[in-house]
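Welcome, and thanks for taking a look at this one.

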Amino acid sequence: MTTKSKVALVRCNSYEIHHVTQAVTRAVDLLGGINLFIMPGQKVLIKPNMLSPHPPEKAVTTHPALVQAVAELVKSSGGIPSVGDSPGFYKFSRVAEVSGIGEAVRKAGARLVPFDREQEIPTAAGCLMKSLVVASEVTNADVIISLPKFKTHALTCITAAIKNLFGCMPGLKKAEMHFRFSDDNRFSHMLADIALSIPARLHILDAIVGMDGNGPGAGDPFRIGLVIAGADPVAVDSTACRIVGIDPLTLPMVRIAAERGVGNASEERIEIVGEDFQKVRVPGFRYNPPAGAGRLLPIPDFFSLRFKNWIVRKPRFLRAICTKCGACVQICPARPKALRMEKGRIVIDDRNCIRCYCCSEICPSKAVRLTRGFGAALLARTLKL
Ligand code: SF4
Ligand code: SF4
């Protein structure tokens with residue numbers, strides 16, 4: 001991308017609806033105003049992160065106040081807002097109610113749309129995949145506004161604007177994609193295909209309270225105090241990373257998206273508006289480097305796949321916490337499956353595990369831990385990583 005990408009930073013220290021409305025409106029105004037993105041009468045799909053049924057204070061899902069504020073802003077500009085997502089495993093209606101998003105949508109007078117019908121669309125020129133299966137609600141919309149939550153992620157290190165568009169795929173398709181693109185480099189190329197083919201017009205990142213540690217489902221709430229918005233998802237993610245002390249160009253997801261022309265990642269190509277970037281930086285954000293061995297050292301992928309048990313982090317199941325709900329076994333996309341329930345406990349077959357970490361993402365009880373392989377632990381100790 002040759003032109004600079006504008007990213008708006010606006011402080012917001014609470015989820016009181018009037019604070020969030022003020023912050024969202026200011027962020028969008030700094031980008032040129034809502035009418036730059038929406039024309040009256042257009043159908044606007046608002047796509048929050050609705051991973052799993054958790055209350056807002058757990059920071060697993062986009063906060064309902066942000067959803068309400070954006071839906072009201074869309075209405076005020078003459079757009080017709082609907083709110084939808086495709087939770088990987090759980091029922092959409094349950095996630096909507098437990099997360100508070102259902103109530104927020106009703107308050108804003110918008111419509112909730114589960115992503116339960118699918119449609120195949122051709123991908124943009126230059127993509128690796130020829131076509132994509134996405135929810136029909138995505139293709140029916142005139143405009144997409146993405147509302148990601150800023151969280152750590154076991155496979156991609158962080159999840160924010162680029163990764164949120166993966167949720168435009170219906171649930172089972174997402175599992176299939178994990179199987180087809182089963183390391184972080186290939187997965188990142190798949191995400192770039194999606195971002196190029198489903199160009200959301202605006203990304204408004206909920207970084208008021210994000211999640212650090214064992215995200216995206218089992219980490220801890222982490223206060224950043226910002227709404228971060230822009231039309232370029234790579235610039236939004238890169239800026240959010242720098243604010244919490246991550247170099248975005250070390251993340252395959254961000255680097256590959258930038259190389260593929262999804263957006264800008266380098267500081268020189270991003271124009272920050274609103275808050276002073278230096279004054280909003282937040283220390284203490286805990287995250288794991290990207291999953292692949294090649295991210296620990298420049299090790300070729302064929303090597304890391306062959307020696308994955310030695311190098312790449314692997315899931316372990318904590319018997320004392322596991323409720324035996326079976327969600328991880330059902331979501332596991334490996335073929336043959338890497339997980340089974342045996343005599344009332346989860347058993348993993350390391351040979352089949354593709355290290356997609358869907359089990360960790362989906363577990364409602366924080367019973368899945370990712371542990372470094374022996375080789376990686378030794379290497380990390382030696383190099384003091
Ligand atoms: S590990 Fe988590 S998802 Fe799997 S059965 Fe136990 S509680 Fe359920
Ligand atoms: S065991 Fe977990 S990490 Fe391994 S393939 Fe299955 S869901 Fe993915």
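## Helix pairs, ligand shells and overall form

Helices α3 and α4 are roughly perpendicular to each other. Their axes come within 4 Å and cross at roughly 80 degrees, and an angle from 65 to 115 degrees counts as roughly perpendicular. Please keep in mind that this is a predicted model.

**Where α3 meets α4**

- Helix α3 covers residues 92–99, and helix α4 covers residues 101–108.
- On the α3 side, the residues that take part are A96, E97 and S99.
- Their partners in α4 are I101, G102, E103 and R106.
- Sorted by class, this contact of α3 with α4 has three charged residues, two polar ones and two nonpolar ones.

**Where α8 packs on α10**

- A second pair to look at is helix α8, residues 184–197, with helix α10, residues 252–259.
- The axes of α8 and α10 are 8 Å apart, and the packing angle is about 45 degrees.
- That angle makes α8 oblique to α10.
- The crossing of α8 and α10 is right-handed.
- From α8, the contact draws on D184, N185, S188, H189, L191 and A192.
- From α10, it draws on P252, M253, R255, I256 and A257.
- The contact of α8 with α10 counts six nonpolar, three polar and two charged residues.

**Around ligand 1**

- Which residues are the closest to ligand 1? They are C322, C325, G326, C328 and C363.
- In total, 14 residues surround ligand 1.
- The shell around ligand 1 divides into ten nonpolar residues, three polar residues and one charged residue.

**Around ligand 2**

- Ligand 2 is surrounded by 14 residues.
- The closest to ligand 2 are C332, C353, C356, Y357 and C359.

**The chain as a whole**

- The chain's secondary structure comes to 15 helices and 16 strands.
- With a radius of gyration of 20 Å, close to the 21 Å that the globule rule gives for 385 residues, the chain is as compact as a globular protein of that length.
- Along its principal axes, the C-alpha trace of the chain spans about 55 × 45 × 40 Å.

Definitions and conventions
Residues are numbered from 1 along each chain as its sequence is written. Chains are lettered from A and ligands numbered from 1 in the order in which they are written. This is a predicted model: local features need pLDDT of at least 70, side-chain atom pairs count only at pLDDT 80 or more; totals for chains, interfaces and linings use all residues. Side-chain values use heavy atoms; hydrogens and water are left out. A residue is near a molecule or strand if one of its heavy atoms lies within 4 Å of it. Axes are lines fitted to C-alpha atoms, for helices over the stretch in contact, and angles run from 0 to 180 degrees between N-to-C directions. Helices (H or I, at least four residues) and strands (E, at least two) are DSSP runs, numbered from the N terminus. Angles under 35 degrees count as roughly parallel, over 145 as roughly antiparallel, 65 to 115 as roughly perpendicular and the rest as oblique. Contact means heavy atoms within 4.5 Å. Ala, Val, Leu, Ile, Met, Phe, Trp, Tyr, Cys and Pro count as nonpolar, Asp, Glu, Lys and Arg as charged, and the others, Gly among them, as polar. A crossing is left-handed if the near helix is turned anticlockwise from the far one by less than a right angle, and right-handed if clockwise. The radius of gyration is taken over C-alpha atoms; the globule rule is 2.2 Å times the number of residues to the power 0.38.
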